[in-house]
Amino acid sequence: METLSENVCFDGVQGVYRHASSACQCDMTFGLFMPDEAKDGPVPVLWYLSGLTCTHENAMVKAGAQAWASEQGIAIVFPDTSPRGEEVADHEDYDLGQGAGFYVNATQTPWAPHFNMWDYVAEELPNLLSERFAIDRDRQAITGHSMGGHGALTLAMNLPGRFRSVSAFAPISNPTGSDWGRKQLAAYLGDAEDAWAKHDASLLLKNNGFDGPMLIDTGVSDQFIDLLRPETLAQAIAESRQQATYRLQPGYDHSYFFVSTFMEDHIAFHAEALYKD
């Protein structure tokens, strides 16, 4: 693993690292904030999954998460959103290909060799972090924005016992029923829609649920709200009686101004779960 940068940040260290990924068959880059408490032993970790067109850097720079993570003694990992490189398939549309991995394991040509973001986030990167850094794998939580909110919710519900809490900012809530989802799931997984269900948070809530607290924020003025389909997730929460707080925030859009506004709330929410005995 190569260290690209390490900077002191709110008494901790914000690092950027690159490594050869066996899951994605290319070099992958991620950001990791380690609080000062990590000098004394393993600390809880919050996963932040980013959205379409993002890299590891967007949330790391724009979300303002490090200040609140430092206050709570929590590490934050910022994975990339897809494999990258000259040998990695891409598409002219911004919402498919590089920058748009959708946190699935692709089975279709030309995506299958590299687009295995599910395995990367669920298995490979956690193993690497626990080997190299003072991370407590028994105390994990997950969040994300937009496509990353979709990934956070689906990973949390498909990996029971892994995460103590889950939250999302403006998640793509019902990709099997949205143009932000049907296009990508068909491209990566094929036309058999049975394979899509495990990647739809609204469907998963009805079938799996999540054994822990959930927090969702979506801006009422989000310019992509029709693609996000928040009403389907809200209905699934009610029907499954999921322990959840769902907030529609008046005036807020889809930007990192929205994310940074409510980041303190989300980190405090996760800290309560991560430090609960």
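**Entry 1: Asp95 and its partner**

I started with Asp95, which has 8% relative accessibility and therefore counts as buried. I am working with a predicted model. Next I looked for a charged partner. Asp95 forms a salt bridge with Lys183, and the closest N and O atoms are 2.6 Å apart. I then checked where the two sit. Asp95 is in the loop between β5 and α3 and Lys183 is in helix α5, so the pair ties together parts 88 residues apart in sequence.

Asp93 belongs to the loop between β5 and α3, Lys183 to helix α5, and 90 residues separate them. I noted that Asp93, Asp95 and Lys183 are linked in a network of salt bridges. How accessible is Lys183? I found 31% relative accessibility, so Lys183 counts as partly exposed. Asp93, at 29%, also counts as partly exposed.

**Entry 2: the salt-bridge count**

I counted 11 salt bridges in the structure. One of them joins Glu239 and Lys206, with the closest N and O atoms 3.9 Å apart. I placed Glu239 in helix α8 (residues 230–240) and Lys206 in helix α6 (residues 201–207), so this pair ties together parts 33 residues apart in sequence. Glu239 is partly exposed at 47% relative accessibility. Lys206 is partly exposed too, with a relative accessible area of 46%.

**Entry 3: aromatic pairs**

I turned to the rings and counted 11 aromatic pairs. I took Tyr48 and Phe78 from the list. Their ring centres are 6.0 Å apart and their planes stand at 50°, so I logged the pair as tilted. Tyr48 is in strand β4 (residues 43–49) and Phe78 in strand β5 (residues 75–78), 30 residues apart. Both Tyr48 and Phe78 are buried.

Is the pair of Trp111 and Tyr188 tilted or edge-to-face? The centres are 5.5 Å apart and the planes are at 90°, so the pair is edge-to-face. I found Trp111 in the loop between β5 and α3 (117–132) and Tyr188 in helix α5 (residues 179–189), so the pair ties together parts 77 residues apart in sequence. Trp111 is buried, with a relative accessible area of 5%. Tyr188 counts as buried at 0% relative accessibility.

**Entry 4: two last look-ups**

I noted one aromatic cluster formed by Phe169, Tyr252, Phe258 and Phe262. I also checked Trp118. Lys198 lies over the face of that ring, 4.8 Å from the ring centre.

Key:
Residues are numbered from 1 along each chain as its sequence is written. This is a predicted model: local features need pLDDT of at least 70, side-chain atom pairs count only at pLDDT 80 or more; totals for chains, interfaces and linings use all residues. Side-chain values use heavy atoms; hydrogens and water are left out. Rings of Phe, Tyr and Trp (its six-membered ring) pair if their centres lie within 6.5 Å; planes under 30 degrees apart count as stacked, over 60 as edge-to-face and the rest as tilted. Helices (H or I, at least four residues) and strands (E, at least two) are DSSP runs, numbered from the N terminus. Buried means under 20% relative accessible area, exposed over 50%, partly exposed in between (1.4 Å probe, protein chains only). A charge sits over a ring if NZ of Lys or CZ of Arg is within 6 Å of the ring centre and within 35 degrees of the ring normal. A salt bridge is a side-chain nitrogen of Lys or Arg within 4 Å of a carboxyl oxygen of Asp or Glu.
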